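Student: Can you walk me through a few spots in this model? Keep it quick.

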Amino acid sequence: LTGKLDLEGESQLIQEEDSDLLVAVNGELERDQQGTADTFTYNYWSAPVGDTDIATNNYSYALQDIFYDGTNAVNFDNASLDGGATNPITIADYWIWKYANQPSDNYASWQHVRSTGTLNAGEGFTMKGPGTGAILAEQNYVYLGKPNNGDINLTIT
């Protein structure tokens with residue numbers, strides 16, 4: 001992958017056994033994802049990409065480096081709890097959390113990662129919408145980076 005692969009609509013990238021992504025490539029995968037536009041409703045996701053780094057595959061990432069509103073980088077508002085409708089959209093930084101390798105039966109162990117915290121390939125995160133519509137209104141979000149590939153290993157307690 002030395003160029004840009006843009007997955008649109010319901011398209012998917014299906015990799016068969018032994019179809020490896022060479023570590024030294026610097027191409028990108030662009031994946032559109034629709035989620036809620038409502039400020040008070042969570043989206044629950046895991047990114048299909050990481051930072052475009054030629055040293056490794058399945059790289060960790062921060063949302064500020066891979067998350068877009070179409071072709072524009074998303075604004076992350078560190079001061080507000082409710083984001084705000086701008087162009088590009090603004091996401092409330094406060095509501096970005098992950099739940100990774102925590103003791104069982106301890107729902108309160110969510111980790112506050114915000115837009116600058118580290119998420120590993122395969123880890124999920126929560127995020128609220130930008131406040132541009134009602135609970136059922138969709139907002140288009142775009143992941144852009146090096147596609148995750150091969151085995152993804154996470155420690156699970």
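What follows is a short chat about a few residues and strands.

Tutor: This is a predicted model: local features need pLDDT of at least 70, side-chain atom pairs count only at pLDDT 80 or more, and totals for chains, interfaces and linings use all residues. Residues are numbered from 1 along each chain as its sequence is written, and side-chain values use heavy atoms, without hydrogens and water.

Student: Asn148: buried or exposed?

Tutor: Asn148 counts as buried because its relative accessibility is 12%. Buried means under 20% relative accessible area, exposed over 50%, partly exposed in between (1.4 Å probe, protein chains only).

Student: What does the side chain of Asn148 reach?

Tutor: The backbone oxygen of Ala47, at 3.1 Å.

Student: And which residues does Asn148 touch?

Tutor: Leaving out residues up to four places away in sequence, Asn148 touches Gln15, Ala47, Pro48, Val49, Gly50, Asn58 and Ala121. Contact means heavy atoms within 4.5 Å.

Student: New topic. Which residues make up the covered face of strand 3?

Tutor: Asn43 and Trp45. Tyr42 and Tyr44 are on the uncovered face of strand 3, which spans residues 42–45. Strands are DSSP runs of E, at least two residues, numbered from the N terminus.

Student: How does strand 3 pair with strand 11?

Tutor: In the antiparallel sense, over four bridges, with strand 11 at residues 125–128. Pairing takes at least two DSSP bridges between two strands.

Student: Which residue of strand 11 is the bridge partner of Tyr42?

Tutor: Lys128.

Student: Last one. Where is Leu1?

Tutor: In the segment before strand 1 (4–7). Leu1 is partly exposed, at 35% relative accessible area.

How values were computed:
A polar contact is a pair of N or O atoms within 3.5 Å; within protein, one must be able to donate a hydrogen and the other to accept it, and residues adjacent in sequence count only if both atoms are side-chain atoms.
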